[in-house]
Amino acid sequence: MFRVVIYIGMFVTALAIYVLQRFSLPLPSVINNYANDLFCLPLLLGAMEFTIRHLKKDKDFKFPLGFVILLASYYSFYFEYYLPSFNQRYTADWADVILYFLGGLLFYFSENKKGVKLSGKGLQDI
């Protein structure tokens, strides 16, 4: 349930930033320029993982680290190299690349952390 609250919070925050940008309302530059780049991959990967889990009926499905890195690489190339060379609306920014990878890695490690429970035999991984 906690994960759902986190995803809803990220989605609402990203949506609010987008709407405020569309209405040209002022935002602090760090939020305006970088917040949605950090939220992008966790939201995308979370939605993809949710969909795959339900389609495959596999509640334990998780993306491998290689896929997360590949997706972050694709987004970095497409939005920070390819699009800026064809469309003036997009600007290349190395900070965005770092944020794509940071968001992807935060998603991966938060989804793949092992829990620990206390049993009659002591602490055990679950």
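A residue is called buried under 20% relative accessible area, exposed over 50% and partly exposed in between, using a 1.4 Å probe and protein chains only. By that scale Val 4 is partly exposed, because its relative accessible area is 43%. The structure is a predicted model, in which local features need pLDDT of at least 70 and side-chain atom pairs count only at pLDDT 80 or more, while totals for chains, interfaces and linings use all residues. Residues are numbered from 1 along each chain as its sequence is written, and side-chain values use heavy atoms, with hydrogens and water left out.

**Helix 1**

- Val 4 belongs to helix 1 (residues 2–22); helices are DSSP runs of H or I with at least four residues, numbered from the N terminus.

**Aromatic pairs and cluster**

- Rings of Phe, Tyr and Trp (its six-membered ring) pair if their centres lie within 6.5 Å; planes under 30 degrees apart count as stacked, over 60 as edge-to-face and the rest as tilted.
- By this rule there are 12 aromatic pairs.
- Phe 77 and Tyr 81 form a tilted pair, because their ring centres are 5.3 Å apart and their planes lie at 35°.
- Both Phe 77 and Tyr 81 are in helix 3 (residues 65–86), four residues apart, or about one turn of the helix.
- Phe 77 is partly exposed at 46% relative accessible area, whereas Tyr 81 is exposed at 57%.
- Tyr 108 and Phe 109 make an edge-to-face pair, with 5.0 Å centre to centre and 80° between the planes.
- Tyr 108 counts as buried, at 18% relative accessibility.
- One aromatic cluster is formed by Tyr 74, Tyr 75, Tyr 78, Phe 79, Tyr 82, Phe 86, Tyr 90 and Tyr 100.

**Charge over a ring**

- Arg 89 lies over the face of Tyr 90, 5.1 Å from the ring centre; the criterion is NZ of Lys or CZ of Arg within 6 Å of the ring centre and within 35 degrees of the ring normal.

**Packing of helix 3 and helix 4**

- Helix 3 packs with helix 4 (residues 94–111) at an angle of about 160°, and the axes are 9 Å apart.
- Helix 3 is therefore roughly antiparallel to helix 4, a term for angles over 145 degrees.
- Residues in the contact (heavy atoms within 4.5 Å) include Leu 65, Ala 72 and Phe 79 of helix 3 and Val 97, Gly 104 and Tyr 108 of helix 4.

Methods: Helices (H or I, at least four residues) and strands (E, at least two) are DSSP runs, numbered from the N terminus. Axes are lines fitted to C-alpha atoms, for helices over the stretch in contact, and angles run from 0 to 180 degrees between N-to-C directions. Angles under 35 degrees count as roughly parallel, over 145 as roughly antiparallel, 65 to 115 as roughly perpendicular and the rest as oblique.
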